[in-house]
Amino acid sequence: MTIRLVEADFLSVEELAELPVEELRRLFRLYREAARYGIDANDIDDCLDRADPQTPAEWVVAIRTARGICPKCHGSGSYSWGACINGKMSHSGECFRCEGKGHVDVSDCRRNRGYDGHAIRRAFAQMS
Ligand SMILES: [Zn+2]
């Protein structure tokens with residue numbers, strides 16, 4: 001029995017607790033791998049320390065709710081690009097990495113990873 005992350009996202013800590021420990025370990029690894037794509041390792045550790053999980057199910061919930069400062073907009077929620085004129089960038093808009101929140105959570109990391117993979121495949125396809 002394996003559960004996909006999109007299904008595990010909606011399971012409560014009580015529902016997770018009914019799963020075998022091996023499955024919870026696998027889910028924790030998948031969430032941690034996703035979180036590392038955009039959340040600083042120290043921020044992940046801080047989130048886990050704050051949650052202070054005791055049971056395997058609580059560990060899964062703790063890693064699922066990890067968040068960190070957005071690496072693209074550095075917490076501002078808006079991204080600027082173009083020429084810098086008198087200290088002001090010529091273009092700016094809502095940061096697409098965090099959707100304007102200023103922080104990224106595990107779900108943002110998964111979306112960004114999917115987007116990046118698609119962008120890389122598209123770039124390679126255009127080269128050939
Ligand atoms: Zn951002």
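Mentor: Helices here are DSSP runs of H or I with at least four residues, strands are runs of E with at least two, and both are numbered from the N terminus. This is a predicted model, in which local features need pLDDT of at least 70 and side-chain atom pairs count only at pLDDT 80 or more, while totals for chains, interfaces and linings use all residues. Residue numbers start from 1 along each chain as its sequence is written.

Trainee: Which elements does the chain have, and in what order do they run?

Mentor: There are 6 helices and 4 strands. From the N terminus on, the order is α-α-α-α-α-β-β-β-β-α.

Trainee: What makes you describe the chain as spread out or compact?

Mentor: The comparison uses the radius of gyration, taken over C-alpha atoms, and the globule rule, which is 2.2 Å times the number of residues to the power 0.38. The rule gives 14 Å for 128 residues, but the chain has 18 Å, well over that, so the chain is more spread out than a compact globule. Its C-alpha atoms fill a box of roughly 55 × 40 × 20 Å along the principal axes.

Trainee: Which residues of H3 are called buried, and what makes a residue buried or exposed?

Mentor: A residue is buried if 20 or more other C-beta atoms lie within 10 Å of its own, exposed if 12 or fewer, and partly exposed in between, with C-beta atoms placed from the backbone. In H3, Leu24, Leu27, Tyr31, Ala34 and Ala35 are buried. Seen down the axis of H3, these buried residues fall within an arc of 100 degrees, so they line one face of the helix; the arc is that of the directions from the helix axis to the C-beta atoms. On the other side of H3, Glu22 and Arg29 are exposed. Across the chain, 24% of the 128 residues count as buried.

Trainee: What makes a group of residues a nonpolar core?

Mentor: The set must be buried Ala, Val, Leu, Ile, Met, Phe, Trp, Tyr and Cys residues joined through C-beta atoms within 7 Å. The largest such core has 23 residues, and those with the most contacts inside it are Tyr31, Ala35, Val60, Ile63 and Ala66. H3, H4 (41-51), H5 and H6 each supply at least two residues of this core.

Trainee: Which residues is tyrosine 31 in contact with?

Mentor: Two residues are in contact if their C-beta atoms, placed from the backbone, lie within 7 Å. Leaving aside neighbours within four places in sequence, tyrosine 31 is in contact with Leu5, Val60, Ile63, Arg64 and Val106. The buried residues of H6 pack against H3, H5 (56-64) and strand E4 (103-105).

Trainee: Why is strand E2 said to lie in the open?

Mentor: Of the 8 residues of E2, the number buried is 0, so E2 lies largely in the open. Strand E3 (residues 88-94) is hardly covered either, with 0 buried among its 7 residues.

Trainee: What makes E2 and E3 a pair?

Mentor: Strands pair if DSSP finds at least two bridges between them. E2 (residues 78-85) and E3 have 6 bridges, in the antiparallel sense. Across the pair, tryptophan 81 stands opposite histidine 91, and tyrosine 79 stands opposite glycine 93. The hairpin has 2 residues between the strands, and asparagine 86 there takes a positive phi near 50 degrees.

Trainee: Is histidine 74 buried or exposed, and where is it found?

Mentor: Histidine 74 has 11 C-beta neighbours inside 10 Å, so this residue counts as exposed. Histidine 74 is found in the loop between strand E1 (67-69) and E2, with a positive phi near 55 degrees.

Trainee: What is glutamate 99 called?

Mentor: Glutamate 99 has 13 other C-beta atoms within 10 Å, so "partly exposed" is the name for it. Glutamate 99 is found in the loop between E3 and E4.
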